[in-house]
Amino acid sequence: MSASQIYLDHAATTPLLPQAREAWLEGAALWANPSSPHKQGRAARAALEDARERVKKALGWQGEVLFTSGASEALAIGLGRAKAERRLVSAVEHDAVYRAAPDAQELPMREGEVDLDALAQVQGLPGRAVVAVQSVNSETGTVLLPYAVNPLVDRVREAGGLVLADCSQSAGKMPLPDADMVVLSAHKLGGPIGIGALLVKDFAMLEPSGGQERGYRAGTENLPGALGFAAALEAGGVESWATTAEQRFDFRNALLRHGEVLQPGVQCSHIFAVAAPRLAATAMLIRMDAMGFAISAGSACSSGTLKQSRVLKGFGIDEDLARRTVRVSVGWNTTPEHLDAFAEAWAKVNA
C-alpha cells in the first residue's frame, strides 16, 4: 500500500461506492425527463419514485422526501420556506446555513452543546421559530443532536417550533434524530455528487414554490443521482466499514500522544479535530500532503481561508489552538492500515 493512496478527508466528500456507481450508470440509461408524459418519461418517473421510497426505507423515514442538488439547496428550502417567522441557528453551523438564513439569530454553545438557557429565552419571543442544528459538527465531530435523548428537540417542540437537523455528516453513520426536517448529502456517504435531499415530516411545514418535486423545488430531477443515492444508503452504513468504532477511537488516542484532539462535547468516531503541538494547520496540510495523506483544515467550503475557523471560535477554542488544528475524517474504504500509517506519520512530523 502506497501512502499516496491514503485519503482521510471523508467529511469533505467520500469516494463513490461501487453499488452507487452501478446504479448511477443504470439511471443514465433512463435518459428521459421524469416529468414528460410519454412512455420514456413515465419509465423515468417510476424509477425516480422507486428511488424515493428506497431512500425512505433505508433511513426509516415516515415522512416526505424532496430530492435536491445537495445539502446547501436542502438547507435553503428548509430554512427559506419553512412556515415560521424566525430562524435560529447554532453558533457552529456550516456556512451554508448562514447563507440560507443570513438574518438568523445565533444560539451560543456551552460545553459542546447548544446553550438551552439561551434557547429558552429566544423561544419566549413571539412568532414560530425553526431551529437549525447539525447532527454531527463537520469540523470537530461533536454530536449536537443525539438520536436517543434529545432535550433541545423537546424544548423546541414544547414552544411550538420546528427542528431542522443537518445530517450531512451523520446519515449512514448513526440513526436520524427526531427532527421535523432533515438535510442529507449523498456524496458524504458514498453516493454521487450533485444529489441531496430534504426530508420533511409534513409538506404543510413548507411554502410551495412551484416546479418539480411536488411543487417545492424547481428543476429537472437528477434521476441517475437519485438512484445512486438510494443504492449508497442500501449498501450499508458504518457497520459495513473496514474499521470498527474501537479502532477509530484507538486512532484518536494515538494522535493524542503527539498533539491535542479537540473534544468539545460528545464525539463521533469518524471526524477528529487535531491540533499540532507547534506547526500551523496550513503547514501541517503541506507536510502531510507531501507524505501522501489527504486531510483538511475545517470545512472544505472555507478551508482555503487563513482566518480563524468560525466554528472552532463558536466552540470556545482559543485562536492559537484553532490555528494549529486540522481535521482528519474516515469513511467506508478507510482501513486499519491507513489509520496506523497516518498515526506514524503524524508522530514523525510532530516529534
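Modeller: A definition comes first, since rings of Phe, Tyr and Trp count as a pair if their centres lie within 6.5 Å.

Biologist: Which residues form one aromatic cluster?

Modeller: This is a predicted model, and by the ring-centre rule the count comes to seven aromatic pairs. One cluster is made up of Phe-249, Phe-251, Phe-272, Phe-293, Phe-342 and Trp-346.

Biologist: How are α8 and α12 oriented to each other, roughly parallel or roughly perpendicular?

Modeller: In α8, Gln-247, Arg-248, Phe-251, Ala-254 and Leu-255 meet Pro-336, Leu-339, Phe-342, Ala-343 and Trp-346 of α12. By class, this contact has eight nonpolar residues, one polar and one charged. The helices, α8 at residues 245–256 and α12 at residues 336–350, have axes 9 Å apart and pack at an angle of about 5 degrees. Because angles under 35 degrees count as roughly parallel, the two helices are described as roughly parallel.

Biologist: Which strands are the edge strands of the open sheet?

Modeller: Seven strands form this open sheet with mixed pairing, in the order β2-β10-β9-β8-β7-β3-β4. A strand that pairs on one side only is an edge strand here, and these are β2 (64–68) and β4 (105–107).

Biologist: Over which residues does pLDDT stay under 50?

Modeller: The chain has a mean pLDDT of 93, and 96% of its residues reach 70 or more. Where pLDDT is low, predicted coordinates should not be read in detail. The stretch in which pLDDT stays under 50, although the model has six contacts for it beyond four places in sequence, is residues 300–304.

Methods. Residues numbered from 1 in each chain as written. Predicted model: local features only at pLDDT ≥ 70, side-chain atom pairs only at ≥ 80, totals over all residues. Heavy atoms only, no water. Axes fitted to C-alpha atoms, helices over the stretch in contact; angles between N-to-C directions. Helix = DSSP H or I, 4+ residues; strand = E, 2+ residues; numbered from the N terminus. Parallel < 35°, antiparallel > 145°, perpendicular 65-115°, else oblique. Contact = heavy atoms within 4.5 Å. Nonpolar A, V, L, I, M, F, W, Y, C, P; charged D, E, K, R; others polar. Phe/Tyr/Trp six-rings, centres within 6.5 Å; stacked < 30°, edge-to-face > 60°. pLDDT = per-residue confidence, 0-100. Pairing = 2+ DSSP bridges.
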